[in-house]
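Visitor: Could you show me how to read the contacts, buried areas and cavities of a model?
Guide: Gladly; let us look at it together.

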Amino acid sequence: MEKNSQPVIEVRGLDVGYDDDIVMQGLNFKVNKGDIFIVMGMSGCGKSTLLKAMIGLQQPFKGQVLYDGKDFWLDAEQQSIMQRFGVLYQSGALWSSLTLAENVALSLQLYTKLSREQIREVVALKLSLVGLEGYEDLYPFEISGGMRKRAGLARAIALDPDIIFFDEPSAGLDPVNAKMLDDLILQLRDVLGATIVVVTHELASIFAIGNNSIFLDADTKTMIASGSPKDLLADSKDPRVIQFLTRGNKPGA
Amino acid sequence: MNKEIPSEKLTFNYLPDKKTLEFKFISDWRISAGLPELKEAVLQLSAHQDIKQITFDSFGLTAWDSGFISFLMQLVKECQHRKIDVSCQGLPEGAEKLLKLALQVRENVTLKPEREEKLFPKIGSLVLQRIDSAHLFLNFLGDLVLSFTKLIRGKSIMRWDDFLLIVQKSGANAFGLVSLISVLVGMILAFVGAIQLQLFGAQVFIADIVGIAMVRVMGAVMAAVIMAGRTGASFAAELGIMQVNEEIDAYKTLGVDPIEFLVLPRVMALVLMMPLLTIYADLMGILGGFIIGTGMLGLNPVEYLNRTQQAVKLNNLWVGLVHSVVFGIIIALAGCFRGIRCSRSAAGVGEATTSAVVTGITSIVIATAIITFVCQVLGV
């Protein structure tokens with residue numbers, strides 16, 4: 001099998017939800033290497049639930065999530081697949097009892113054979129990549145929300161992951177910090193060659209960084225559009241997609 | 001025929017020829033100034049059966065805010081119910097707009113139908129919940145045992161630094177509280193015993209009673225109750241908050257098993273600390289008895305200590321230590337299980353903490369009863 005032709009992530013016939021409630025069903029899409037793939041839709045439509053099924057936090061009801069062709073939920077090496085990705089959570093989700101440096105260092109301590117000194121240098125590098133050099137010894141509660149997100153990103157990229165997931169990266173950030181995070185995402189894709197999946201409803205980010213996307217709809221409980229966000233805006237005939245991408249201006253109104 | 005009913009802020013004017021009831025709003029209609037009850041208005045509506053329309057007159061209205069709108073909203077709903085037309089023309093312009101906004105029909109409101117709370121379905125779902133919860137607990141226990149075997153095989157990612165920190169927090173830092181409670185319990189035992197023993201001049205047996213009671217069971221129980229309230233609750237709250245902040249998710253997606261990384265060191269630390277704290281509590285309890293025995297009952301200190309030494313056999317100590325290890329496991333499991341299963345809200349953390357302590361203390365008492373019974377049967 002050729003490496004280039006195979007998508008990094010492939011989702012096939014996925015049904016996700018909580019307890020007995022199906023939130024989204026019949027999801028099919030592929031994410032290629034180097035993509036910045038946007039999962040968009042209205043608040044509460046099931047974007048985060050889909051993300052949880054993709055990163056191993058919530059078992060899907062049906063269907064497959066494939067990483068390089070390996071079925072994630074059936075794979076015995078599920079944990080080793082998980083070590084390939086970094087996740088930036090909506091709240092940052094930094095470990096509150098650890099300093100920023102310890103937050104970033106933990107995965108290095110667990111999964112690499114680097115010496116203490118080397119780890120310190122890698123941590124300093126990752127923190128400086130997100131503009132937080134000099135903040136090593138602070139605890140998460142001592143820094144601002146925007147900084148917490150960036151520290152979360154430094155932690156997510158600690159092991160140079162192939163795939164980085166972002167859950168609502170710009171939520172709770174001011175426009176300047178949101179833009180800065182978008183630029184960081186683009187740089188990470190270029191520098192690390194990472195594949196990036198972003199769950200968001202922030203229009204500015206969607207158009208600034210996304211080169212592929214799917215649109216989830218809560219009423220029909222499935223994806224109703226896919227493609228590059230700019231193409232969707234130009235070509236989509238679906239009023240729900242157009243309404244979303246144009247901030248609520250109904251087509252033809 | 002005009003009929004006016006005087007009211008402080010609201011008067012009514014019924015026009016029978018037009019079948020119209022006019023509402024006159026007077027003076028200040030802000031929330032801070034107090035609002036009239038809707039009842040008055042409803043009485044008026046009921047009084048005139050043939051009423052077709054209501055109108056408003058707000059010339060006398062000096063000030064209003066959302067309190068005014070909420071009154072109007074209730075009134076409009078009441079009128080819709082009675083199929084009476086509402087003419088909003090007499091309202092201040094802003095109020096009319098706000099009322100329209102408040103009354104507009106929401107899109108896409110789908111509420112889950114509330115399930116009827118009948119007795120048998122309720123009992124059924126409670127039983128199912130218990131079974132579910134027992135299942136989850138067994139899973140949790142299984143994971144914990146697996147991570148412990150991983151630790152023994154030297155493949156664990158558990159950090160010993162964390163373990164030592166928890167040892168310090170749950171063990172060393174509890175010394176003061178354990179000392180205080182145990183000395184007092186020893187004193188209480190001595191007092192209660194003394195009153196009875198004095199009746200037949202056998203005060204010297206105070207030493208036996210306090211010594212055996214403390215070492216065999218009370219030292220362990222008192223230390224366990226303190227630990228359940230102190231450390232069990234703190235485990236549940238810590239892990240619960242980590243659950244709320246997605247910190248546990250962040251461990252999972254890093255490929256780190258939270259049971260191995262967070263729960264195992266806590267359980268081990270507490271199981272190690274409980275016997276040590278129990279021995280300490282035993283000594284403190286004996287000290288309490290000693291203070292009462294020598295200070296108030298006038299027993300000879302040397303004699304008191306000798307009697308204690310003779311009375312407390314080694315098997316009493318073993319029984320006490322078995323208690324303490326069992327209690328340590330119970331408290332740590334209750335705290336960690338409730339914390340890990342915590343729902344994602346502030347209330348969830350509160351519930352997790354409460355149920356960790358309640359489960360902990362209840363299980364301690366039940367376990368004490370079982371161990372005491374088993375010791376009785378075995379003759380230990």
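Guide: Contact means heavy atoms within 4.5 Å. This is a predicted model, where local features need pLDDT of at least 70, side-chain atom pairs count only at pLDDT 80 or more, and totals for chains, interfaces and linings use all residues. Residues are numbered from 1 along each chain as its sequence is written, chains are lettered from A in the order in which they are written, and side-chain values use heavy atoms, with hydrogens and water left out.

Visitor: How many residues of chain A are in contact with chain B?
Guide: In chain A, 25 residues touch 17 residues of chain B.

Visitor: How is the size of an interface given?
Guide: It is often given as the accessible area lost when the parts come together. Buried area is that loss for two parts, found with a 1.4 Å probe and summed over both. Chain A and chain B bury about 1,800 Å² between them, with 55% of it on carbon and sulfur atoms. On the chain A side, Tyr89(A), Trp95(A) and Leu110(A) lose the most area to chain B, together 29% of what that side buries.

Visitor: How many salt bridges does the rule find across the interface of chain A and chain B?
Guide: A salt bridge needs a side-chain nitrogen of Lys or Arg within 4 Å of a carboxyl oxygen of Asp or Glu. Across the interface of chain A and chain B, the rule finds zero.

Visitor: Which domains is chain A divided into?
Guide: The bounds come from an automatic or database domain assignment. Chain A has domain 1 (9-84 + 161-245) and domain 2 (97-155). Their C-alpha centres lie 26 Å apart. These two domains of chain A bury about 740 Å² between them, 71% of it on carbon and sulfur atoms. In domain 1, Gln83(A), Leu173(A) and Leu184(A) lose the most area to domain 2, together 46% of what that side buries.

Visitor: And how is empty space found?
Guide: Rolling a probe the size of a water molecule over the atoms shows where empty space is left. On a 1 Å grid over the protein atoms alone, a cavity is a set of points where a 1.4 Å probe fits but cannot get out; lining residues have an atom within 4 Å of a point.

Visitor: Which residues lie nearest the centre of the largest cavity?
Guide: They are Gly86(A), Val87(A), Arg155(A), Ala156(A) and Leu254(B), from a lining of 16 residues.

Note on methods:
On a 1 Å grid over the protein atoms alone, a cavity is a set of points where a 1.4 Å probe fits but cannot get out, and a pocket is an open set with protein on both sides within 12 Å along at least five of seven lines; lining residues have an atom within 4 Å of a point.
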